[in-house]
Amino acid sequence: MNRSDYYYIKIQYYKKEYQEALNYNNITWDLWTNYTFRLTEQLRNKIMMDLRKKDYYDNEKNTYKQLRLKYQLDFAIDERNDCSIFLQRQWKDYPDNEAKDNLYDRFSISWNYKVSPKLKVSTGLVFDRNSFKPISESSNKESRKFSIGFNWKL
């Protein structure tokens with residue numbers, strides 16, 4: 001393993017109790033993992049997995065389990081240019097309300113260009129898709145976003 005390898009596992013538990021809106025009371029367990037490693041000096045991989053169990057004990061229809069897988073590839077083209085590709089798939093399962101089960105996908109690509117030591121221009125393109133089972137009253141959603149921005153140090 002070289003210096004550029006990085007990994008972590010994080011577990012979190014929390015309980016939220018509301019005084020008036022009891023339907024929001026919940027217990028949540030989260031598990032996050034990340035493994036980052038370099039393929040070459042210019043290419044870096046990042047693989048992530050998240051697990052979540054959210055139990056709304058006063059409103060079982062909102063209780064869900066979630067699995068999210070993410071992959072990111074960063075490419076340093078040269079001293080002034082770098083780009084990233086990001087892929088994500090997320091499954092959400094509602095044991096007591098199958099109509100809310102959904103699948104979420106994201107694909108994005110971004111490019112950064114250092115115009116000068118004080119000015120950096122960033123662009124991005126994102127495609128999202130959220131799909132539900134045919135029994136659901138929710139409609140499937142798709143979106144496309146394009147962004148352009150800059151970071152200017154005064």
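Reply: Glu17 and Lys15 are joined by a salt bridge whose closest N and O atoms are 3.1 Å apart; the term requires a side-chain nitrogen of Lys or Arg within 4 Å of a carboxyl oxygen of Asp or Glu. This is a predicted model, in which local features need pLDDT of at least 70 and side-chain atom pairs count only at pLDDT 80 or more, while totals for chains, interfaces and linings use all residues. Numbering starts from 1 along each chain as its sequence is written, and side-chain values use heavy atoms, without hydrogens or water.

The two partners of this first bridge fall into separate accessibility classes. Glu17 is exposed, at 55% relative accessibility, whereas Lys15 is partly exposed, with a relative accessible area of 45% (buried is under 20%, exposed over 50%, partly exposed in between, with a 1.4 Å probe and protein chains only).

A further salt bridge connects Glu98 with Lys133, the closest N and O atoms here being 3.0 Å apart. Because Glu98 is placed in the loop between S5 and S6 and Lys133 in the loop between S7 and S8, this contact ties together parts of the chain that are 35 residues apart in sequence. Strands, like helices, are DSSP runs numbered from the N terminus (E, at least two residues, for strands; H or I, at least four, for helices).

Asp128 is buried, at 9% relative accessibility, while Lys145 is partly exposed, at 40%.

Asp50, Arg68 and Lys70 are linked in a network of salt bridges. Over the structure as a whole, 11 salt bridges are found.

How many aromatic pairs does a search of the whole structure find? The search returns eight aromatic pairs. One of them is formed by Tyr6 and Tyr8, in an edge-to-face arrangement with 5.9 Å from centre to centre and 65 degrees between the planes. (Rings of Phe, Tyr and Trp, the last by its six-membered ring, pair with centres within 6.5 Å; planes under 30 degrees apart are stacked, over 60 edge-to-face, the rest tilted.) Tyr6 is partly exposed, with a relative accessible area of 44%, and Tyr8 is likewise partly exposed, with 32%.

Phe107 and Phe127 form a stacked pair, with 6.2 Å between the ring centres and 25 degrees between the planes. Since Phe107 belongs to strand S6 and Phe127 to strand S7, the pair ties together parts that are 20 residues apart in sequence. Phe107 counts as partly exposed, at 33% relative accessibility, and Phe127 is also partly exposed, with a relative accessible area of 34%.

An aromatic cluster is made up of Tyr7, Tyr35 and Phe37. Strand S1 (residues 6-16) and strand S2 (residues 26-38) pair in the antiparallel sense over 11 bridges, where pairing requires at least two DSSP bridges between the strands.

On S2, pairing continues with strand S3 (residues 43-55): the two run antiparallel and are joined by 12 bridges. Phe37, one of the residues of the aromatic cluster, has Asn45 in S3 as its bridge partner. Strands S2 and S3 form a hairpin, with four residues between them.

Lys153 lies in the segment after S8 and is exposed, with a relative accessible area of 53%. Lys153 and Thr123 are 30 residues apart in sequence, and their C-alpha atoms are 18 Å apart in space.
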